[in-house]
Amino acid sequence: MYFKSFEIKYRYDKDGYIMEWMLSVSFGEIFLKGKNRHIFYKTAIDNIKRNIRDIPYEDMYSESSKLYIKADKKDFDKLKNNILKVFGISYVSYVIKTSKNLDDIYKACKLDLEEYFTGKNYTFKVDCKRTDKAFEFKSPELSAKIGGFILRDFPNLKVNVHNPDFRVFIDVKDNVYVYSKRFKGLGGLPIGSSGKGLLLLSGGIDSPVAGFMVAKRGMKIDCLHFHSYPFTSKRALQKAIDLAEIMSAYTGKMRVYSVNLANIYKAINQNCERRETTILSRRFMMRIANKISEANGYQALITGESLGQVASQTIESVAVINDSSDLPILRPLIAMDKKDIIDISLKIGSYDKSIEPYDDCCSIFAPDSPVTKPKLNFIKMSEENLDIDALEDEAIKNMEIIDIA
């Protein structure tokens, strides 16, 4: 946690503070999780702290299901941008904390509106949520009073309760929090709340998106990258590591296992029909991934396969590849169009790195006319020509491990 001494601007009266700017963090599905809610919540908080560890803030506390962060307002945008990369968050808002006094509440609303909604015409609606049921005004009464004050003092603003340009939110808790500026989060579940998976990370567009989507459902992921140096360049491996670093902003710290398949590809080319290279190599990848998973506690494999996109992704190929894995293989992109996958890669910042022109091992050794409807019995007959265990054990023995903090 990065604390820094600095002056935060408060406004005081004889009874104490009137208002101060803060960030609030609202959570989504976490609060539907019953008895496990506290575990999900703690995981989300830990992930937030990791993402803002290099940005100064003064304090962090919870109040009635939201997280509040006290910081210098000049750091709000940096804090917000990093927090929005954490799964499990529905909104981050810029709020003004004030007292449970009608005049103070309106002063906070006025300060917020002067900050964001002057200079042109807007429509608005006041939304009040009264957690403190002892507060003197019920939610509809408070909304009406504050709305009346706003109409009196802001001639550029008009009420529209059905489709307003913006909303003024008032949360009445132990304190009162006023805000109109909120930013939509990624949703999902906190990383680490849904087990542990191993992502087969290529250098392409698809696999980082697949990892992102599974991580969004709370799975802690590490990566397995296959290369074939010296047939592929070391820049191809670095590209995969760079992609893992981009993903880590969302997934947290990651481990990357780097496995060289060069000798396996040589053995396939020397002993098997070339048309089967893609399927045979994919089965090797799955078996190696299973062995690494067994040694490190991964519960599932994750791939970026999309049905029909390439030769190894026909339904027949998928079935033959599945046969090589004892673990479930999660394919979150299986029914997605390429455009939709690209849109997500642009959103998470991986696209530009993914399209850098470094060949991966799959493309280097891909046959000109790959088998697209493989038969499992024929593939297993071809594998009898290979010393499978020895080839896999050698690849695992010589693998590199890279940790991304």
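A salt bridge here is a side-chain nitrogen of Lys or Arg within 4 Å of a carboxyl oxygen of Asp or Glu. With that in hand, I looked through this predicted model and found that the structure holds 27 salt bridges.

**Entry: salt bridges**

I began with Asp132, whose side chain meets that of Lys100 in a salt bridge at 2.5 Å, N to O. Asp132 sits in the loop between strand E6 (122-130) and helix H4 (139-153), and Lys100 in the loop between strand E5 (89-98) and helix H3 (102-116), so the pair ties together parts 32 residues apart in sequence. I noted Lys100 as partly exposed, at 34% relative accessibility.

Next I looked up Glu273 and Arg275, which form a salt bridge at 3.9 Å, N to O. Glu273 is partly exposed at 43%, and Arg275 is partly exposed at 38%.

Then came Lys353 with Glu356, their closest N and O atoms 3.1 Å apart. Is Lys353 buried or exposed? Its relative accessible area is 19%, so I put Lys353 down as buried, while Glu356 is partly exposed at 26%. I also traced a network joined by salt bridges that share partners; among its members are Arg283, Arg287, Asp323 and Lys380.

**Entry: H8 and H9**

Helix H8 (residues 277-296) packs on helix H9 (residues 315-322) at about 40°, with the axes 9 Å apart. That makes H8 oblique to H9, and the crossing is right-handed. From H8, Ile279, Arg282, Arg283 and Met286 meet Ser317, Val320 and Ile321 of H9. I sorted this contact into four nonpolar, one polar and two charged residues.

**Entry: Ser382**

Ser382 lies in helix H13 (residues 376-383) and counts as buried at 11% relative accessibility. Beyond neighbours within four places in sequence, I found Ser382 in contact with Cys272, Glu276 and Leu280.

Note on methods
Residues are numbered from 1 along each chain as its sequence is written. This is a predicted model: local features need pLDDT of at least 70, side-chain atom pairs count only at pLDDT 80 or more; totals for chains, interfaces and linings use all residues. Side-chain values use heavy atoms; hydrogens and water are left out. Axes are lines fitted to C-alpha atoms, for helices over the stretch in contact, and angles run from 0 to 180 degrees between N-to-C directions. Helices (H or I, at least four residues) and strands (E, at least two) are DSSP runs, numbered from the N terminus. Angles under 35 degrees count as roughly parallel, over 145 as roughly antiparallel, 65 to 115 as roughly perpendicular and the rest as oblique. A crossing is left-handed if the near helix is turned anticlockwise from the far one by less than a right angle, and right-handed if clockwise. Contact means heavy atoms within 4.5 Å. Ala, Val, Leu, Ile, Met, Phe, Trp, Tyr, Cys and Pro count as nonpolar, Asp, Glu, Lys and Arg as charged, and the others, Gly among them, as polar. Buried means under 20% relative accessible area, exposed over 50%, partly exposed in between (1.4 Å probe, protein chains only).
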